[in-house]
Amino acid sequence: MGCFNLLVFFVYLFSFSKLLIIQRTTAQPDYVYHFCLGSNYTTNSTFQKNLNILLPSLSSANTSIIRNGYFNTTAGRNRDTVYGSLQCRGDTSSEDCQTCAETAAKEIITEERCPVSKQAIIWYDVCMLRYSNQYFFNVMQDTPGVYLWNLNNVTDPDKFNPILGDLMRGLVSKATLNGSSNFATADTSFDDFRRVYGLVQCTVDISSSNCNRCLVGAIAELPNCCDGKQGGRVIRPSCNFRYEIYPFFTQPAVPPSPPPRSPSPRLILPPSSTNTNTTTTRPSSKGKSSILAISIVIPSVIAVLSTIAFWFFCFRRKRTKTQKLDSK
C-alpha cells in the first residue's frame with residue numbers, strides 16, 4: 001500500500017503544478033472603467049433578447065473576421081436593433097483579445113455594471129466593448145470620456161512635459177499614416193536613466209482624419225488630467241492614449257537584418273585576396289512562447305523525477321524486506 005499511496009501523491013503533485021501554470025497563462029484582463037448610457041430597456045423585452053444574441057456573437061467572433069482587433073455586428077430589426085462592437089488593443093494577441101471579449105460580454109450586463117441600459121461601454125486594459133440602440137459604426141465620438149492618472153509626480157515637470165508632448169504628437173502622426181491601423185507605440189528618454197512609454201489608438205472603423213481629430217482633442221486634455229504625473233491616460237469611445245515611465249505594451253518585434261547582397265564580379269589580381277565573413281544575428285523569441293515552453297517543460301520534469309523517486313522508493317523497500325527475511 002505504501003508504494004500505491006506514494007504514486008497517488010506524485011500524480012496529484014504533477015496535476016496541481018500543471019494547473020498552476022495554466023492559470024498563470026490565462027489571467028483575466030484588468031477592468032478600467034465603464035459608462036451606462038441612454039434609457040433603460042424592459043426585462044424580457046425584444047431588445048433584451050436581441051442583446052442576449054449580440055453579446056455572445058461579439059465575444060465568440062472568429063479571428064478571421066476580426067480586422068486589426070476590431071469587429072462589429074447587429075442583432076434584431078427596426079427599433080429593437082442592437083449595435084455592438086469590439087476593439088482590442090493593437091499589440092494584443094488573438095488569445096488575449098478573445099479572453100477580454102468574453103469577460104466584457106459577461107460583465108457589461110451585470111448588476112455592478114449596466115444591467116438594463118440601452119447603451120453601454122466598458123474598457124479593459126486590452127479591449128473595449130460597447131453596444132447601443134443607435135447606429136455608431138464609422139462615427140467618431142469623443143464623449144463620454146474619462147481621465148486616469150498615476151498619483152506620483154515626476155521630479156522635473158518643466159523638462160518632462162515638453163518631451164511627453166513631442167512623444168504624443170509623434171505617435172498621432174504615426175497612428176494616422178496609411179496602413180497604420182490607427183495604432184502606434186513608442187518610447188523616448190526623459191533623463192539619463194529613465195524613459196517614457198506612450199500608446200495611442202483609435203477604433204479601426206473611423207477614418208485617419210477623424211482619428212487625428214479625436215487624438216489631438218484627447219491629448220489637449222493632458223494639462224487638465226495628468227500635468228507632471230508619472231503616468232496617465234484619456235479614454236474616449238473612438239480613441240484613447242496612455243503614457244507611463246515603465247513599459248506597459250508589447251514592444252514590436254525588430255525585423256531581422258536583410259541578407260548580405262552578393263558582391264559584384266570583380267577582377268582580383270594575384271597575390272592579393274580578400275575574405276569577408278558576415279554574421280547575421282536574429283532577435284531571440286520571447287514572451288508567450290517562453291511561457292508555453294515553461295508550461296510544457298516543468299510538468300514533464302516533475303513527472304520524470306516523480307517516476308524515478310517512486311521506483312527507487314519501492315525498490316529499496318522491497319530490498320529491505322528481502323534482507324530481513326534472509327537474516328531469520
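**Exercise 1. Find the disulfide of C88 and describe it.**

Step 1: Look for the partner. C88 is joined to C97, with an S to S distance of 2.0 Å; a disulfide here is a pair of cysteine sulfur atoms within 2.5 Å.

Step 2: Read the torsion. About the S-S bond of C88 and C97 it is about 80°, so this disulfide is right-handed.

Step 3: Check the surroundings. Both C88 and C97 are buried, where buried means under 20% relative accessible area, exposed over 50%, and partly exposed in between (1.4 Å probe, protein chains only).

Before going on, a word on the model. It is predicted, so local features need pLDDT of at least 70 and side-chain atom pairs count only at pLDDT 80 or more, while totals for chains, interfaces and linings use all residues. Residues are numbered from 1 along each chain as its sequence is written, and side-chain values use heavy atoms, leaving out hydrogens and water.

**Exercise 2. Work out the handedness of the links C202-C211 and C225-C226.**

Step 1: The sulfur atoms of C202 and C211 lie 2.1 Å apart in a disulfide. Their S-S torsion is about 85°, so the link is right-handed.

Step 2: C225 and C226 also form a disulfide, with sulfur atoms 2.1 Å apart. Here the value about the S-S bond is -90°, and the link is left-handed.

Step 3: A search of the whole structure gives 6 disulfides.

**Exercise 3. In which order do the 5 strands of the open sheet stand?**

Step 1: Walk across the sheet: the order is β6-β9-β10-β8-β7, with antiparallel pairing. Helices (H or I, at least four residues) and strands (E, at least two) are DSSP runs numbered from the N terminus, and two strands pair if DSSP finds at least two bridges between them.

Step 2: Find the edges. β6 (146-149) and β7 (183-189) each have a single partner strand, so one side of each lacks a neighbour in the sheet.

Step 3: Look at one pair. β6 and β9 (residues 232-235) run antiparallel and are joined by 4 bridges; G232 in β9 is the bridge partner of W149.
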